[in-house]
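Me: I am new to this structure and would like to learn how to read it. Could you take me through it one feature at a time?

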Amino acid sequence: MAWYDEDSWLTAAFSPRLSTVAVALTLVLVLPVLLHLFIYRRATPTTLPSLLLLGPSGAGKTALLTLTERDAAAPTHTSTAPLAIEALLPPRLTPASAHYRSPGDPAYERARRFLLVDTPGHGKLRHFATAQLASPANVRGIVFMIDAASVADEAGLNEAAEYLHDVLLTLQKRYTGARTSKGPVEIPVLIAANKSDLFTALPPQLVQINLEKAITQVRKSKAQGLKDSGVALAADDDALDEEREWLGEGGDGPFEFRQMEEVGTSVKVRGGNVLGGDGPDVKDWFAWIAQQL
Amino acid sequence: MLDTFEILTTSGVVLWSRTYVPVGASIINSLIREVFIEERIPPPSDAGQKPTYKKEGYTLKWTTAKDLGLIFVVRGCLAVYQSLVHLTWIDKLLDNVRALFAGIFEEQLKKGHTSVVDTDTFGPYFDRQVQELERANEATPNVKLTPPSSTENDSAEDNAPPVLQKPQRPLYDTSADSTPVPTPDTSRPTTPAHTHLVTAKGGPGPKGKLSRRDKKKVAALNSAPASSGDEGSARKKGKASAKKNRVWGEFGAEEEDPSVVLDYSQGDIQNSNPRTEALEEIKSETWGRKTAKGEFVLKDLDEEMDEIIAEQNAKRESLAYSKESKGLVGSSIGAIGGLFRNVVGGKTLTKEDLAKPLKGMEEHLLRKNVAREAAVRLCDSVERDLVGLKTGNFTTIESTIRTSMESALTKILTPTNSLDLLREISTINTSQSRPYVLSIVGVNGVGKSTNLSKIAFFLLQNHHRVLIAAADTFRSGAVEQLRVHVRNLKELSAREGGQVDIFEKGYGKDAANIAADAVKYAAANNFNVVLIDTAGRRHNDARLMSSLEKFGKLANPDKIFMVGEALVGSDSVAQARNFNASFGPGRGLDGFVISKCDTVGDMVGTLVSMVHATGIPVVFLGVGQQYGDLRGLNVRSVCMLLMS
Ligand SMILES: Nc1nc2c(ncn2[C@@H]2O[C@H](COP(=O)(O)OP(=O)(O)OP(=O)(O)O)[C@@H](O)[C@H]2O)c(=O)[nH]1
Ligand SMILES: [Mg+2]
């Protein structure tokens with residue numbers, strides 16, 4: 001039986017038979033459904049607003065994350081992988097977007113949900129955070145956590161300041177590099193000065209002053225420091241010297257967090273603690289989070 | 001022996017832990033930092049033994065479940081781990097617990113967007129594992145695991161045939177369905193045993209509680225043949241003499257044989273009371289209800305554990321080796337599906353899937369001048385990362401490997417702490433009021449003096465007062481060469497306001513002494529930075545290399561940088577290692593300066609090789625002939641070059 005015979009399958013496939021039509025119809029109807037199922041079942045269906053948890057290692061990011069999920073923070077160790085959890089705003093706090101809704105309204109309940117994204121703070125693993133910052137889809141804010149006790153000494157302060165400097169500079173570049181006239185959606189930053197239960201912890205005001213000073217210093221030594229190898233090694237365009245950008249008002253004078261407002265980033269410093277004898281104190285941070293939702 | 005057993009996720013949350021001797025979290029933190037992140041200790045290469053990590057008198061052993069993102073860590077005291085057999089005991093425990101934990105909590109662990117895993121039920125499983133392995137170990141002759149016991153009780157039981165110990169088992173059987181109460185094993189006065197006693201006294205506490213739902217889940221998880229009550233009981237009856245003590249009720253429910261209780265009180269009188277109470281409770285509540293339903297699942301905790309472990313092991317194996325062919329049709333459909341998934345994503349990666357593309361990746365890295373050793377290590381770490389993972393939507397294996405390799409490269413090249421030379425100098429100058437000392441080492445002809453001058457130029461631009469010490473007293477012409485550099489630098493920096501001079505003592509003198517003198521001279525003459533040039537030496541020249549130790553001690557530099565050529569090939573690993581080790585214990589290199597980067601195009605693999613060999617970061621790159629041609633490292637651009 002050759003393909004051109006009366007009853008070969010090819011002829012049948014092109015002839016107006018009922019079975020052929022039926023097969024074609026089922027294919028047409030079922031295939032998109034299957035494809036849809038295949039693709040969408042695995043894609044995360046959420047477009048929840050998210051908040052990024054950044055900060056140096058040991059600040060208490062993972063501890064805070066576990067605290068938002070349960071009554072008390074779970075024991076934690078140094079993270080090596082990021083983690084996103086679906087969190088709910090604590091009761092009594094009203095998300096800013098649902099201010100005029102009443103509790104019980106489904107939209108109100110929905111507005112209280114958000115994703116909290118924890119990132120590893122170790123120096124070698126900051127690329128997770130950088131990747132999150134590079135494509136901030138629906139990021140409503142950044143919680144930059146620091147250990148308020150460790151910023152009392154030089155090394156801890158410098159580490160925090162360097163990391164914070166890089167984060168703020170990324171945000172600034174994102175703003176100034178935006179093509180649209182309106183500028184991108186603003187991403188505010190909360191500096192959460194954690195571990196206020198320790199008596200060596202600095203109060204938030206002092207944390208702010210110290211960080212601003214240290215960032216000024218970081219900016220200065222970046223300006224004096226060597227250029228990095230990015231341009232020199234990219235063989236083709238040696239003429240194009242990468243234009244360097246400085247954090248805050250062109251990089252002159254002392255740096256203040258206030259200057260970030262011009263580039264669409266408000267920076268607030270609030271104290272609190274995740275652990276501690278008198279129980280956790282995180283209400284200032286969650287109040288801030290509620291404002292961003 | 002055991003201090004702690006912890007099960008934590010890669011994201012840092014402790015899911016379950018059992019602590020016998022509490023110590024702070026810092027030791028496990030430094031394990032994670034040093035081994036998992038900085039990879040200072042090479043991952044296990046020899047088969048069988050799991051790696052160990054020692055710190056502050058503690059020994060840690062660990063294993064991971066990559067697909068679930070779990071780390072299992074055991075911590076113990078150094079002394080107890082010494083016996084080789086003991087180490088394998090711990091290995092076995094780790095493996096079994098991993099299998100158990102993965103089997104029981106897999107579903108919960110795979111749930112996204114949460115860090116909560118309800119692991120309250122895990123305690124009894126763990127305790128049972130510990131006991132069982134301990135017992136198995138005891139059977140092995142010539143091994144002293146636990147300190148000799150003091151009570152006569154113990155020795156009696158120790159010498160008793162295993163049958164005598166078994167009557168304790170029914171207790172487990174009863175409780176397995178609702179409230180397992182750990183057996184008090186008085187034969188082992190070790191710490192874990194004590195904890196058992198405490199748990200037992202507490203009766204059916206929250207820790208010991210095993211909810212029936214979980215139990216069912218476990219049962220469902222196992223495609224167990226013995227899932228129906230009748231079958232189970234039938235099997236049990238047919239089992240070893242130990243089970244004969246059990247009396248089966250009319251519904252198949254077991255009732256405590258008096259002898260069992262007797263046995264108990266014999267073994268451990270002070271504990272018999274709470275135990276019987278616990279039993280009563282179980283009987284009245286759980287058993288009654290279940291029997292009425294007439295469909296309870298009777299299973300031994302042990303059997304159950306064995307099944308979970310076996311199942312998990314089988315799973316692991318099937319992942320490791322490709323599946324058997326399922327007949328012609330099955331396999332061809334499988335192949336097409338595989339191809340489809342390869343394009344669309346959602347394929348679970350096995351070693352075989354990865355082997356070929358990884359080989360290609362390795363070749364690619366070799367072409368980029370990465371030393372073979374480093375390339376193999378990177379590919380291994382990518383493999384470890386990916387085996388058992390599912391590829392994402394619309395990603396091929398190749399692109400998955402690429403992404404993973406990129407992040408492995410980023411991780412290896414990114415320094416733990418970024419170096420800010422200027423700040424360090426000012427800190428040392430002000431806080432210790434002495435000059436900052438920086439020294440440069442390396443093999444012959446890599447450009448030590450040139451790069452030293454480049455660093456000097458950079459410092460002069462920032463208005464430092466720099467003294468350059470000519471400690472190369474070996475190669476003729478070295479001092480003259482430096483003199484020329486210093487003259488040039490003087491001219492260049494006259495406008496900038498820097499100040500530079502040379503400290504020389506001619507040839508043939510001891511380099512270490514010259515360096516030490518230079519530091520004293522600088523302090524006396526108001527220089528705030530001393531740069532010390534050293535003689536080039538082959539890294540396999542033992543005599544010259546050994547003089548570096550004395551040099552390090554006498555000159556005591558704040559930083560020692562090694563200059564390496566970007567052109568050097570596979571030798572880079574040995575160079576970096578030998579130089580790093582040459583300063584004696586407690587001192588090593590602080591960074592690499594890679595010279596002549598402008599001559600190699602995108603073949604910048606040397607950077608990776610050197611960092612791989614030592615874990616020490618690259619701080620500067622030399623990119624040209626001018627004094628200004630010194631650059632900091634941009635990890636991202638180097639990664640892009642390597643992956644291009
Ligand atoms: N005293 C005190 N300790 C805290 C507090 N918050 C967190 N810690 C402790 O700080 C340590 C580090 O906390 P983590 O949450 O693991 O730190 P992290 O920021 O996630 O660190 P990485 O994962 O390494 O980036 C833990 O041992 C916590 O118990 C606090 O408010 N007070
Ligand atoms: Mg963490």
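Reply: Let's start with burial: a residue is called buried under 20% relative accessible area, exposed over 50%, and partly exposed in between, using a 1.4 Å probe and protein chains only. In chain A, 44% of the 293 residues count as buried. Keep in mind that this is a predicted model, where local features need pLDDT of at least 70 and side-chain atom pairs count only at pLDDT 80 or more, while totals for chains, interfaces and linings use all residues. Residues are numbered from 1 along each chain as its sequence is written, chains are lettered from A and ligands numbered from 1 in the order in which they are written, and side-chain values use heavy atoms, with hydrogens and water left out.

Me: How many helices and strands does chain A have?

Reply: Helices (H or I, at least four residues) and strands (E, at least two) are DSSP runs numbered from the N terminus. Chain A has nine helices and six strands. A contact means heavy atoms within 4.5 Å. Among the contacts in chain A with a separation of 6 or more, 74% are between residues 24 or more positions apart.

Me: Which residues coordinate the magnesium ion (ligand 2)?

Reply: Donors to a metal are N, O and S atoms within 2.8 Å of it (3.2 Å for Na, K and Ca); water is not among the atoms, so sites may look incomplete. Here A:Thr62, through OG1, and A:Ser79, through OG, coordinate the magnesium ion at 1.8 to 2.0 Å. The two come from distant parts of the chain, 17 residues apart: A:Thr62 sits in helix 3 (residues 61–69) of chain A, and A:Ser79 in the loop between helix 3 and strand 2 (83–88). Both A:Thr62 and A:Ser79 are buried.

Me: How many residues of chain B are in contact with chain A?

Reply: On the chain B side there are 52 residues, in contact with 43 residues of chain A. Another way to describe an interface is buried area, the accessible area (1.4 Å probe) that two parts lose on being put together, summed over both. For chain B and chain A this is about 4,100 Å², with 59% of it on carbon and sulfur atoms.

Me: What about polar contacts between the two chains?

Reply: A polar contact is a pair of N or O atoms within 3.5 Å; within protein, one must be able to donate a hydrogen and the other to accept it, and residues adjacent in sequence count only if both atoms are side-chain atoms. Between chain B and chain A, 20 residue pairs are in polar contact, both at pLDDT 80 or more. Several elements of chain B supply at least two residues each to the side that touches chain A, including strand 1 (2–9), helix 1 (26–37) and helix 17 (421–432). Helix 1 of chain B gives the largest share, six residues. By class, that side of chain B has 24 nonpolar, 19 polar and nine charged residues. In this scheme Ala, Val, Leu, Ile, Met, Phe, Trp, Tyr, Cys and Pro are nonpolar, Asp, Glu, Lys and Arg are charged, and the others, Gly among them, are polar.

Me: How many salt bridges are there between chain B and chain A?

Reply: A salt bridge is a side-chain nitrogen of Lys or Arg within 4 Å of a carboxyl oxygen of Asp or Glu. The count between the two chains is one. A:Glu162 pairs with B:Arg423, their closest N and O atoms 2.7 Å apart. Both A:Glu162 and B:Arg423 are buried. A network of salt bridges links A:Glu162, B:Asp420 and B:Arg423.

Me: Which residues form salt bridges within a chain?

Reply: Over all chains the count is 27 salt bridges. One of them joins A:Arg113 and A:Glu86 (2.6 Å, N to O). A:Arg113 is in strand 3 (residues 113–118) of chain A and A:Glu86 in strand 2, 27 residues apart. A:Arg113 is partly exposed at 29% relative accessibility, and A:Glu86 is partly exposed at 31%. In chain B, B:Arg434 and B:Asp558 meet at 2.8 Å, N to O. B:Arg434 lies in the loop between helix 17 and strand 8 (436–441) and B:Asp558 in the loop between helix 21 (542–555) and strand 12 (559–565), so the pair ties together parts 124 residues apart in sequence.

Me: Where is B:Ser433, and is it buried or exposed?

Reply: B:Ser433 is in the loop between helix 17 and strand 8 of chain B, and at 63% relative accessibility B:Ser433 is exposed. Most residues other than glycine have a negative phi. B:Ser433, though not a glycine, has a positive phi of about 40°.
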